[in-house]
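The following questions and answers examine the structure shown below.

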Amino acid sequence: EKVRELARVGVLIDAFADPSFCLGIAHCTVANASVPFAGGELQFRSTGDVPALAEVRGQSTNHLGADSTNTSVILDDKVFLKAYRRAEVGTNPDVEMTSFLTRPGYRSIAPLAGSVAHVVEQSTVLAALFAAVGHQGDVFNYTLNHLERYATTMFASQGASAGDSPHALFVAQMHTLGRRIGQMHCVLASADRNDPAFASEELKSADLARWYSAIHFEAHSLLRTVRERRSSLDERPAQAAQNLLVNAELLLARIRELCSGSIAGSKLRHHGNLHLGKVLLDADDFLITGFEGDASLTLEEGSSKDSPLR
C-alpha cells in the first residue's frame, strides 16, 4: 500500500512479509530475548521442545496468507510461525493447551517451539512458533472431496454400486480420528490436581442449569426454523417435520426431565473450537490444531441413583 509523508512517498507492507523479520523472531525466541517495547517488554521464550527452531536460517519462507485471526508463515519447512491478529490480554489457550499436551508426549498436535508476548502488568501473547508438520490439508475439505468423488462415481455408473466398500478407508480414518480426540481428553483428564489451569472441577447444579438453558434455547430455535420452512419441503420431509412439531411439547418435557436430576461428575478442559477445519490429515493419521477457544467438558464419573442421566 502506497503511503506519503509530505514529499516522501513509500510503501507500507506487513512486517511478516519480510523474511528477515520472521527470521529475527525465530532467533530471538531461541535466545529467550527480552526487548523493551511500548512501556513494557517483548518476551521471547523457547520451550526447548523443537530443536529445529535453532536450525532456522531463513532459506525459505512460505506465507500461508492471513485470515481474520492469524498470519501464518512456514520457515525453512521446519517451523510454523503464527501471529495472532486478535491479541488479548491474559492466557492464550493456543499456547497454553499445546504446551500442556506436548509435555506428556501427545503426538497428534504440532509441538510448541516458543512464544512471543508483550508484558506490562499482564501478558499478551502476540505470536507462537510450532514444529512444522507436513500434511494433506484439513479434514473438512478432505471429507467434501471424498463425497464428491463418491457421488461422481455413482452418477458415472448410473446408480450401480461404486464398489464393495466405497467408504471403508474413510470410516477407518474417522475411527482413528475418534481415538486421537479421545486420547487428547485422557491427557487433559490426567492433569495434576495442583494445576489450577487444568485440574478437573466438581460439576455443580449451576452447570446443569446453564446446559439446560442452552439446550432449551437450541430446541426452540430448531422448532421455529422447522415451522417456518415446513411449507417449502417435499412430501416426506414435510411429514417428518409435522411429526416433530406435533411432539414438540414432549421433546421439551424430555429435555426438562433429563436436566432435572443431579450428576456426580467433573468438568475438564477441552479444545474449545474443535471442528474438521481444525484437523489436518497427516498420511493416515491426524493433527489437531487451533486451540483458540476455551470451555469445559463434563467427564461423567457416575450418576446419582435417581438421576435420569444414569
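Q: Is R210 buried, partly exposed or exposed?
A: The relative accessible area of R210 is 42%. Buried means under 20% relative accessible area, exposed over 50%, and partly exposed in between, with a 1.4 Å probe and protein chains only. R210 therefore counts as partly exposed.

Q: On what kind of model, numbering and atoms do these values rest?
A: Residues are numbered from 1 along each chain as its sequence is written, and side-chain values use heavy atoms, with hydrogens and water left out. Local features need pLDDT of at least 70, side-chain atom pairs count only at pLDDT 80 or more, and totals for chains, interfaces and linings use all residues, since this is a predicted model.

Q: Which residue forms a salt bridge with D207?
A: A salt bridge is a side-chain nitrogen of Lys or Arg within 4 Å of a carboxyl oxygen of Asp or Glu. D207 is buried at 4% relative accessibility. With the closest N and O atoms 3.1 Å apart, the partner of D207 is R210.

Q: With which residues is S108 in contact, leaving aside its neighbours within four places in sequence?
A: S108 lies in the loop between α2 and β8. S108 is buried, with a relative accessible area of 5%. Contact means heavy atoms within 4.5 Å. On that basis, the contacts of S108 are R180, F286, L287 and I288.

Q: How many of the 10 residues of helix α2 are buried?
A: The buried residues of α2 are P93, D94, V95, E96, M97, T98, F100, L101 and T102. Their cover includes β7 (79–84), β8 (112–119), β9 (123–131), α4 (168–189) and β11 (263–269). Helix α2 (residues 93–102) is largely enclosed by the rest of the structure because its buried residues number nine.

Q: At what angle do α2 and α4 pack?
A: Axes are lines fitted to C-alpha atoms, for helices over the stretch in contact, and angles run from 0 to 180 degrees between N-to-C directions. M97, F100 and L101 in α2 meet M184, V187 and L188 in α4. The two axes are 10 Å apart, and the packing angle is about 90°. Angles of 65 to 115 degrees count as roughly perpendicular, so α2 is roughly perpendicular to α4.

Q: How is α5 oriented relative to α7?
A: Y212, I215, H216, A219, H220 and L223 in α5 meet A248, L252, I255 and R256 in α7. The axes of α5 (residues 205–229) and α7 (residues 248–258) come within 10 Å and cross at roughly 170°. Angles over 145 degrees count as roughly antiparallel, so α5 relative to α7 is roughly antiparallel.

Q: How many helices and strands does the secondary structure of the chain come to?
A: The chain has 310 residues, of which 34% count as buried. Among contacts between residues at least 6 apart in sequence, 61% join residues at least 24 apart. The secondary structure comes to seven helices and 14 strands.

Note on methods:
Helix = DSSP H or I, 4+ residues; strand = E, 2+ residues; numbered from the N terminus. Parallel < 35°, antiparallel > 145°, perpendicular 65-115°, else oblique.
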